[in-house]
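Here are my notes on the dimer model you asked me to look through.

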Number of protein chains: 2
Amino acid sequence: MSCTLQLPDGWKPVASPPSLFRRYEFGSYAETREFLDRLALLSEETRIYPDLGFARTYVNVTLRGPGGGMPGPAEVEFACRAATMAVAGLP
Amino acid sequence: MSCTLQLPDGWKPVASPPSLFRRYEFGSYAETREFLDRLALLSEETRIYPDLGFARTYVNVTLRGPGGGMPGPAEVEFACRAATMAVAGLP
């Protein structure tokens, strides 16, 4: 899967507050943690830190734009790379 | 700090849904991740998986009781050990 400037499957734009959202579900806590660890590396690389909500088998990812504004191309690319990571983490 | 059956400082019982809550704030993403990693080990040991919400410099911890019921002594002990970890993680 390559990352173009298009919101990946399952991601939804949210109007208020302006953001991009997707929930990822996993079969185990180990998979959930693996995905979170990959997201952490992506955040360190991109300096984009989404709001993350998670428990044992899910992760909710909310991407806001810079300064709380509209998400832009950088956030769409983050979403796309996150989607790739979630796919890679599943059997 | 030892862990007795008493809710540690800053933790609040929440009525609906019945849970224990505390927000932890950190000075950096590295400290936030360190705390999350410690919580993950605690979850694997105790089999208690709180709802966690976080971004770059905060972590919100919500502990529900078994089956969504009232939090009991196991959740209070989890809160206390989490509090210890947060203290240990700060300079």
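Which residue stands opposite K12(B) in β2(B)? The third point below has the reply.

1. **Conventions.** This is a predicted model, in which local features need pLDDT of at least 70 and side-chain atom pairs count only at pLDDT 80 or more, while totals for chains, interfaces and linings use all residues. Residues are numbered from 1 along each chain as its sequence is written, chains are lettered from A and ligands numbered from 1 in the order in which they are written, and side-chain values use heavy atoms, leaving out hydrogens and water.

2. **Strands of chain B.** F21(B) in β2(B) is the residue opposite K12(B). Strands here are DSSP runs of E of at least two residues, helices are runs of H or I of at least four, and both are numbered from the N terminus; two strands pair if DSSP finds at least two bridges between them. β1 (residues 12-14) and β2 (residues 19-25) of chain B pair antiparallel over three bridges, and a hairpin of four residues joins them. β2(B) also pairs antiparallel with β4 (residues 58-64) of chain B, over seven bridges, with Y58(B) as the bridge partner of E25(B).

3. **Pairing across the chains.** β3(A) and β3 (residues 51-54) of chain B are antiparallel partners over three bridges. Within this pairing, G53(A) has G53(B) as its bridge partner.

4. **Contact and area.** Each chain puts residues into the contact (heavy atoms within 4.5 Å): 16 from chain A and 16 from chain B. Buried area, the accessible area (1.4 Å probe) lost on putting two parts together, summed over both, is about 1,300 Å² between the chains, with 60% from carbon and sulfur atoms. In chain A, Y29(A), Y49(A) and F54(A) lose the most area to chain B, together 40% of what that side buries.

5. **Salt bridges.** Two salt bridges cross the interface of chain A and chain B, taking a side-chain nitrogen of Lys or Arg within 4 Å of a carboxyl oxygen of Asp or Glu. One of them joins D37(A) to R33(B), with the closest N and O atoms 2.7 Å apart.
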